[in-house]
Amino acid sequence: MKTFSKKPGEGERSALIACPGCASTSFSSHWNVEQGSWSRCRRCGLILQNPQPVTEDVLERYDGEYFGYETENEEAFLSLMLLGLKDARFFDWGEQEREAHGGDGSFLDVGCATGRLAAWLNDRGWDARGVEVCREAAEWGSRNYDVPIYPGTIEDAAFPDESFRFVHSSHVIEHLNRPDTFMSEVYRVLKPGGRFICITPNCSGFQARLFAGRWRSVIADHLFLFSKKTLKRLAVKSGFVHEQTRTWGGLGAGYAPVPVKRAADRLVKPLGWGDVMLMVFRKN
């Protein structure tokens, strides 16, 4: 399935930023391609668009077209998210955490789209809700799945301190102008000992190294591209403790014959070279 991406709209504004990972203002050019230009922080190695579109203009991209993409693919996305959670053994340690805290299954899905994952969890006894910047998707999910979804960012939602036992985001952090602020907000709303499950493309993976600027995650909507090292650094900076990392995806569909793709998929997993990574962080 093709990743949703919109070309920058006419009149979009942009601005230079300091590195959210280490505050450096020293960058080197990394990729210059049709989709845009990405730089690499000379101090910590974080890859980002710089200059990058301002937040207000980025949010305008998640409109009715994006809503259509999410509703068309919501079952496929649910399957992929469940596969990732199962690979991280979430349904083992997550249930143990619930039992240890009196059945507390408070779960926030940030960037929840139509709320399909939250609905799936609620059907199984969890207390899940969502946050989604696409207003059409948020309203549709609240109406059709009876999931409480805040239409906006997690910062705008202003949840009380220590509201959730679990926070989950799948393919969200790479779209944000301030991943550092986002990480700190996730830390704030988590209960002590709570877990943050973060899924994002892996720029230290096999495909990124093989294809470079032609990597399928080098798209205009990805303002940041994280390696295992830079994502962990950002989380630790906010106070998190890293607990585990999983990666998957050796070659995308159509990039090689099926037997070659299957072999690559099997190979990258134990090596940690997968195209997508899932990291679990614990609030200290």
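Is Arg188 buried, partly exposed or exposed? Select Arg188: the residue is partly exposed, at a relative accessible area of 25%. Keep in mind that this is a predicted model.

Asp161 is exposed, with a relative accessible area of 53%. Arg188 sits in helix H7 (residues 179–189) and Asp161 in the loop between helix H6 (154–157) and strand E9 (164–170), so the bridge ties together parts 27 residues apart in sequence.

Next, select Glu97, Arg195, Glu243 and Arg282. Salt bridges with shared partners join these residues into one network.

Now zoom out. The whole structure holds 17 salt bridges. The protein has 10 helices and 13 strands. Its radius of gyration is 18 Å, close to the 19 Å of the globule rule for 284 residues, so the protein is as compact as a globular protein of that length. Buried residues account for 54% of the 284.

Go inside with Asp221 and Arg61. Their side chains meet in a salt bridge of 2.7 Å, N to O. This pair links distant parts of the chain, 160 residues apart. Asp221 is buried at 2% relative accessibility, and Arg61 is buried at 5%.

Compare Asp92 with Arg89. Their closest N and O atoms are 2.8 Å apart in a salt bridge. Asp92 is partly exposed, at 37% relative accessibility.

Finish on the surface. Select Arg40, Arg209, Lys229 and Arg233, which gather in a patch of positive charge. Arg233 belongs to helix H9 (residues 228–237) and is partly exposed, with a relative accessible area of 35%.

Terms used: Residues numbered from 1 in each chain as written. Predicted model: local features only at pLDDT ≥ 70, side-chain atom pairs only at ≥ 80, totals over all residues. Heavy atoms only, no water. Patch = residues over 30% accessible without salt bridge, like charges linked within 9 Å, V, L, I, M, F, W, Y side chains within 5 Å. Areas by Shrake-Rupley, 256 points an atom, 1.4 Å probe, with all protein chains shown as cover. Salt bridge = Lys/Arg side-chain N within 4 Å of Asp/Glu carboxyl O. Lys, Arg positive; Asp, Glu negative; His and termini not counted. Charge placed at Lys NZ, Arg CZ, Asp CG, Glu CD. Helix = DSSP H or I, 4+ residues; strand = E, 2+ residues; numbered from the N terminus. Buried < 20%, exposed > 50% of the residue type's maximum accessible area, 1.4 Å probe, protein only. Rg over C-alpha atoms; globule rule 2.2 N^0.38 Å.
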